[in-house]
Amino acid sequence: MLTSILIILFLAIIIGLVLGFSSVKFKVEGNPIIDKIDSILPQTQCGQCNYPGCKPYATAIAKGDADINQCPPGGEKGVRALAELMGVDYKPLNEEHGATKPKSIAFIDEETCIGCTLCIQACPVDAILGATKQMHTIIEKECTGCELCLSPCPVDCIAMEPIEENAENWKWKYPVYSISTIKTKVNH
Amino acid sequence: MKLLDKIFKLNGGIQTETNKKVSTKNPIKSLPIPSELRLSLRQHIGNIAKLKVKVGDQVLKGELIAEADGNISAAIHAPTSGKIKSIEKLLIPHPSGLPDFCVTIVPDKKDQWIKKTPIDWKKIGIEETNKLLLNSGIVGLGGAAFPSHLKIGNNRKNLINTLIVNAAECEPYITCDDMLMKERSKDLIEGIKLVQSLLGAKETIIGIEDNKPESYEIISKLILKESNIHIKIVPTIYPSGYAKSLIFLINGIKISKEKLPPEYGIQMFNVATIIAIYKFIIHGETSLSRIVTITGNVKEPGNYDVLFGTPLDSLIKDAGGQKIKTNTFIMGGPMMGFKLPSIDVSVTKTMNCVISAEPEMIDNKKEPLPCIRCSKCAEACPVSLQPQELYWFSKSDQFEKAQNYNLFDCIECGCCSYVCPSNIPLVQFYRYAKSEIIAESIIKEEADIARDRTDFRILRLEREKKERAQRNAERRAENTNAEKSKLIEEKRAEIKATLERIENNRENE
């Protein structure tokens, strides 16, 4: 009787120590599920999902506050990836949040720009260069196409321009060919 | 010599009608300088070249027009003297059929060279020489257009024992390397000696397919006295000219995935590239021209030594034009080439061959049928892949699985499509899958940058907020101090005044 109690006690202590040690040693920083969701999201930071950015939306999905179909830039592919990650059924994009558009980047008409810095403050990725009463310009490479700079502009000098296909970003297309019909005799 | 004669057996590959004889009957021709040269700025692997001239500039033959942008890039030079007419987007020989930046030169027909400066590479050392090679404009002329300075410079990391000269020219129809070996063999041997010493290699092996007996004869006569240059005949099996295949055929070394030949002490150059390097170092001539095979459905097929930028239609016209009008041209070989978007393009560094398409090449009567799982493609694959599996995955957009099946090892040689009894355009599916995967990875990279920038912006905003709060607090503290002392001063003054009044009153009493 006593030996069995001692054995159990001993085992409990050992296991407890191992668990305690590993919980300190192998502690996971941050919330891995939020990071996983965040890595699926397109990082446009446009706020169309009604959250102030991709990370807050990821946090809301992880908590169960938000649905997976609120991200138009991520498109259908994004929703499918999120559905697979979260183990829920796929659902089509919620139209309330807007439709998926081809990626475009903002372009400032430098003739009209008055240098008010309002767009600079709105840009979520600091992709606009400029200063007070100085001309502003977009750093094309960094622009995510979120359109957040459009509405603050008092002179409407920012336009979205879709990225055109060129020899560099061109992709081979899916092969399309007609399948031949084989005529067969049908005996009645 | 016994061991040297041994040839290893290649996995897969196909044997087909080579159609090479028609274009080797006549010597290499050259054309008078055309009335306009159109130079694409994207003629090589890597970054697009950086423009160094403006419209209206007068340039001399060999003058730099665009310099290499970064290390993985190549320069572009004026192929003849003349005036820059325009810099605009024009059609280029690219499968996309999309226009890209081109420099148009109107030649002055004087063909006046810029001062040529031969390089004394032994004196200035290999590193300095390599820096000069970066702006020589020399790229692999076999068709891949890989900047050559990267291959020469590689020897600083890896010790090169063997230089393999790729003279296989395995694709049907193409004969530009064969003709080059016949007519410029002396330059080639001098070039081999030079490149061998640049690399520090001990020996050179020239790999040549057995369907070029004349070239073999000429070269073997020239290297009789050279103890460290050998020539090896490889069987005519497509794609024996693919770098890794040729190395295996010659040395029996299998270059494993993700590794490059220099890691095995081997470096490979195409014959035309060797001559280009020779011309640059010994004569100080930058890369300005190449040999192009014009063949197929033309009256007089042949090879042309042409300046880069020469309009393609002038070549077709000189070859007698199309026998039967199809208005379709294929750039490269029939296996790996692509249909040119239009004849209105010009010669680039990658244009080794242009096939004027026969009518039966276009209205391909063989329509694709479903896959019957015969696995003939797997037998033909020279890189030992499972083409049928890759086909399923690419067709159904299962890119991750395709990558697990080593999609990116595929060299797009077209052997699988060639042997497929169902006529499935397999390579097109792999190209589609590859470009989708590459595009996705670029999007991912951009997203990562955007994430970092947002995170930094949030941090910055918080920091600014904190700093502002601190400044405000300090100012407030300062203000309150000043007000307090002012109040105390006022009170004190008041008390003093009152005390003085009382004193005065007392005195008055």
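**Sheet, cores and chain contact**

Strand E3 of chain B and strand E5 of chain B, the latter covering residues 64–67, run antiparallel and are joined by two bridges. Before I go on, please keep in mind that this is a predicted model. Within that pair, Lys50(B) sits opposite Glu67(B) of E5(B). The sheet they belong to is open and has three strands, in the order E3-E5-E6 in chain B, with antiparallel pairing. Which strands are at the edges? They are E3 (50–51) and E6 (76–77) of chain B, each pairing on one side only.

Now the cores. The largest nonpolar core contains 113 residues, and Ile274(B) and Val292(B) have the most contacts inside it. Helix H8 of chain B, residues 271–283, is the top contributor, with nine residues. Domain 1 (126–284) and domain 2 (368–509) of chain B each supply at least three residues to this core.

Last, the contact between the chains. Chain A puts in 22 residues and chain B puts in 24. On the chain B side, helix H15 (residues 426–508) gives the most, with 14 residues. That side of chain B comprises 11 nonpolar, eight charged and five polar residues.

Conventions
Residues are numbered from 1 along each chain as its sequence is written. Chains are lettered from A and ligands numbered from 1 in the order in which they are written. This is a predicted model: local features need pLDDT of at least 70, side-chain atom pairs count only at pLDDT 80 or more; totals for chains, interfaces and linings use all residues. Two strands pair if DSSP finds at least two bridges between them. Helices (H or I, at least four residues) and strands (E, at least two) are DSSP runs, numbered from the N terminus. Two residues are in contact if their C-beta atoms, placed from the backbone, lie within 7 Å. Ala, Val, Leu, Ile, Met, Phe, Trp, Tyr, Cys and Pro count as nonpolar, Asp, Glu, Lys and Arg as charged, and the others, Gly among them, as polar. A nonpolar core is a set of buried Ala, Val, Leu, Ile, Met, Phe, Trp, Tyr and Cys residues joined through C-beta atoms within 7 Å. A residue is buried if 20 or more other C-beta atoms lie within 10 Å of its own, exposed if 12 or fewer, and partly exposed in between; C-beta atoms are placed from the backbone. Domain bounds come from an automatic or database domain assignment.
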